[in-house]
Structures are given as structure tokens and as C-alpha cells.
Amino acid sequence: MELPKVAVKPEADGAVVIVRTGDFDLDTAGVPAAACDRDAAGAKLLVLDVARVAFADSSFLNR
């Protein structure tokens with residue numbers, strides 16, 4: 001299992017890119033939610049980059 005990581009990248013145009021990597025399941029689903037709540041609350045556009053997510057169960061879709 002690869003530990004989940006979330007990086008938040010604010011863009012100049014008001015967009016925020018949330019980059020997720022690793023494995024996400026019920027136990028780690030709160031990691032990206034916390035990043036969105038904390039760092040992307042005022043974003044005009046939220047982009048979710050999941051290209052490097054190795055595994056995600058259905059709880060990944062709820063956050």
C-alpha cells in the first residue's frame with residue numbers, strides 16, 4: 001500500500017489543483033477532504049488530478 005499524499009497547487013487565475021497520489025480507501029478518505037476544506041475553500045475552479053492514484057475504493061468518490 002502506497003501512503004496517500006495530497007498536494008495543493010494554487011494557480012494565478014484563481015483555480016486550485018489538488019494532486020492526489022497513492023492509495024485511498026475508507027481509512028484515508030479524509031486526507032483530501034481536509035486539504036480541500038483548508039486550502040481550496042475560496043477557489044474559483046477546483047481541478048482534481050488523480051493520474052498517480054494507485055488504488056481507490058468507492059469512498060474516494062465521496063470526498
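**Fold and selected residues of the predicted chain**

Along the sequence, the chain runs in the order β-β-α-β, with one helix and three strands in total. Helices (H or I, at least four residues) and strands (E, at least two) are DSSP runs, numbered from the N terminus. The radius of gyration is 11 Å, close to the 11 Å that the globule rule gives for 63 residues, so the chain is as compact as a globular protein of that length. This radius is taken over C-alpha atoms, and the globule rule is 2.2 Å times the number of residues to the power 0.38. The C-alpha trace spans about 35 × 20 × 15 Å along its principal axes.

The model is predicted: local features need pLDDT of at least 70, side-chain atom pairs count only at pLDDT 80 or more, and totals for chains, interfaces and linings use all residues. Residues are numbered from 1 along each chain as its sequence is written, and side-chain values use heavy atoms, with hydrogens and water left out.

Of the 63 residues, 33% count as buried, where buried means under 20% relative accessible area, exposed over 50%, and partly exposed in between (1.4 Å probe, protein chains only). The chain exposes about 4,100 Å², of which carbon and sulfur atoms supply 54%; accessible areas come from the Shrake-Rupley method with a 1.4 Å probe, and for residues only the protein chains shown count as cover. Among contacts (heavy atoms within 4.5 Å) with a separation of 6 or more, 59% join residues 24 or more positions apart. There are 7 positive and 10 negative side chains, and the centres of the two sets lie 5 Å apart. Lys and Arg count as positive and Asp and Glu as negative, while His and the chain ends are not counted. The place of a charge is taken as NZ of Lys, CZ of Arg, CG of Asp or CD of Glu.

Val-19 belongs to strand 2 and is buried, because its relative accessible area is 8%. Beyond its neighbours within four places in sequence, Val-19 is in contact with Lys-5, Val-6, Ala-7, Lys-9, Asp-49 and Arg-52. In helix 1, Ala-35 has a relative accessible area of 2% and is therefore buried. With residues up to four places away not counted, Ala-35 touches Val-6, Val-8 and Ala-40. The C-alpha atoms of Ala-35 and Val-6 are 7.1 Å apart, although 29 residues separate the two in sequence.

Pro-4 lies in the segment before strand 1 (5–10) and counts as buried because its relative accessibility is 17%. Apart from residues up to four places away in sequence, Pro-4 touches Thr-21, Gly-22, Asp-23, Phe-24 and Thr-28.

Asp-25 is placed in the loop between strand 2 (15–24) and helix 1 (30–39). Asp-25 has 17% relative accessibility and so counts as buried. A polar atom of the Asp-25 side chain lies 3.1 Å from the backbone nitrogen of Asp-27.

Ser-58 is located in the segment after strand 3 (45–56) and counts as exposed because its relative accessibility is 58%.

Note on methods:
Polar contact = N/O pair within 3.5 Å; in protein donor to acceptor, adjacent residues only side chain to side chain.
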